[in-house]
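Good morning, colleagues. Today I would like to speak about charged pairs and a surface patch, and I ask you to keep the structure in view as I proceed.

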Amino acid sequence: MIIKPEISWTDFEKIDIRCGTIISANDFEKARNPSYQLEIDFGELGIKKSSAQITTLYKKEDLIGKQILAVVNFPKKQIANFFSECLVLGVYGENKSEVTLLTTSLPTKNGLQVG
């Protein structure tokens, strides 16, 4: 297990984690690793796209309507021919191909911030 260095409260406050709802999920055939291209509704922040390597545990059709947590203030990242606009958060399994999505325990309004 790798333990990362301690960060300050100020460092943590820079990370903007929001709740959003997946509104579309498609196979990302040009990705190096099996992935989906997601569109996520973050309410007043709008709809953002993300590439997520979550194909081992999730079927595309089961993702629609699922609320997730994502970092929304990273710069866009190009993955093949796709620009990812947020980082969907999940917990890695032992082999890192099994990612369990982080979600809310109750429905929340899209765009609400994690703190």
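**Salt bridges and a nonpolar patch**

The count of salt bridges comes to 4. Please bear in mind that the model is predicted. As a general point, side chains of opposite charge can pair when their charged atoms come close.

I begin with Lys 14 and Asp 11. Their side chains form a salt bridge, with N and O at 4.0 Å. Lys 14 is exposed, its relative accessible area being 55%, whereas Asp 11 is partly exposed at 32%.

I turn next to Arg 18 and Asp 16. Here the side chains meet in a salt bridge with an N to O distance of 2.6 Å. Are these two residues buried or exposed? Both Arg 18 and Asp 16 are buried.

The next pair is Asp 27 and Lys 60, a salt bridge in which the closest N and O atoms are 3.2 Å apart.

Finally, I come to the surface patch. Which residues form the nonpolar patch on the surface? They are Ile 7, Trp 9, Phe 12 and Ile 15, and together they have about 400 Å² of accessible area. Of these, Ile 7 lies in the segment before helix 1, which spans 9–13.

Thank you for your attention.

Methods: Residues are numbered from 1 along each chain as its sequence is written. This is a predicted model: local features need pLDDT of at least 70, side-chain atom pairs count only at pLDDT 80 or more; totals for chains, interfaces and linings use all residues. Side-chain values use heavy atoms; hydrogens and water are left out. Patches are made of residues with over 30% relative accessible area and no salt bridge: like charges are joined within 9 Å, nonpolar side chains (Val, Leu, Ile, Met, Phe, Trp, Tyr) within 5 Å. Accessible areas come from the Shrake-Rupley method with a 1.4 Å probe; for residues, only the protein chains shown count as cover. Helices (H or I, at least four residues) and strands (E, at least two) are DSSP runs, numbered from the N terminus. Buried means under 20% relative accessible area, exposed over 50%, partly exposed in between (1.4 Å probe, protein chains only).
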